[in-house]
Amino acid sequence: MERKVIPCLVLAGLIISGCEYKPDAVGRAREVYIFTDHKESIEFDISLSLERQIFTPQPGVEFFLKYKEGDEATDHLRRHCILLAGYESDTAIRFMKNLYPPLTCNDSFNLYTFRDVWAEGQTVMVFVAEDS
């Protein structure tokens, strides 16, 4: 009986060690990190969409936006909410295209959503546009 248990334990150990471990997402869940090289072009529209007022006893905004340059994306990969926005040739978009090659703007623009890319409980959105 004991001889059958040892191979099963070894096999179970190999299976578990082969699984890809992802750490939990860090930061505030309502904080959106936006990586773009075009902050001036998109800031108004994104703010209008995501920073809506919430009317509670202590008013606040729905999401807190943090803008970063596109090449800073690799420093913040474990955040809860990440938005990459730009053109197909931009640094942040090319970074995601290495992971998900079919990313394309389809002759105008496209919006992609991915879950748990670099961390558990994470949402990554990619907005790719052909031009402004």
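**Stop one: the cavity**

Select Phe 35, Ala 73, His 76, Leu 77, Ile 82, Leu 84, Phe 95 and Trp 118: these line the largest cavity. On a 1 Å grid over the protein atoms alone, a cavity is a set of points where a 1.4 Å probe fits but cannot get out, and lining residues have an atom within 4 Å of a point. The space inside is about 30 Å³, a volume being the space filled by probe spheres set on the points. Colour the lining by class and you get seven nonpolar, one polar and no charged residues.

Before moving on, note that this is a predicted model, where local features need pLDDT of at least 70 and side-chain atom pairs count only at 80 or more, while totals for chains, interfaces and linings use all residues. Residues are numbered from 1 along each chain as its sequence is written, and side-chain values use heavy atoms, without hydrogens and water.

Next comes the largest pocket, about 490 Å³; a pocket is an open set with protein on both sides within 12 Å along at least five of seven lines. Of its 24 lining residues, the closest to the centre are Ile 42, Ile 46, Leu 83, Ala 85 and Phe 127. Show strand E5 (81-87), which gives the largest share of the lining, six residues.

**Stop three: Ile 46**

Zoom in on Ile 46 in helix H2 (residues 39-50). Leaving out residues up to four places away in sequence, Ile 46 touches Ile 34, Glu 51, Leu 65, Tyr 67 and Leu 83, with contact meaning heavy atoms within 4.5 Å.

Key. Nonpolar A, V, L, I, M, F, W, Y, C, P; charged D, E, K, R; others polar. Helix = DSSP H or I, 4+ residues; strand = E, 2+ residues; numbered from the N terminus.
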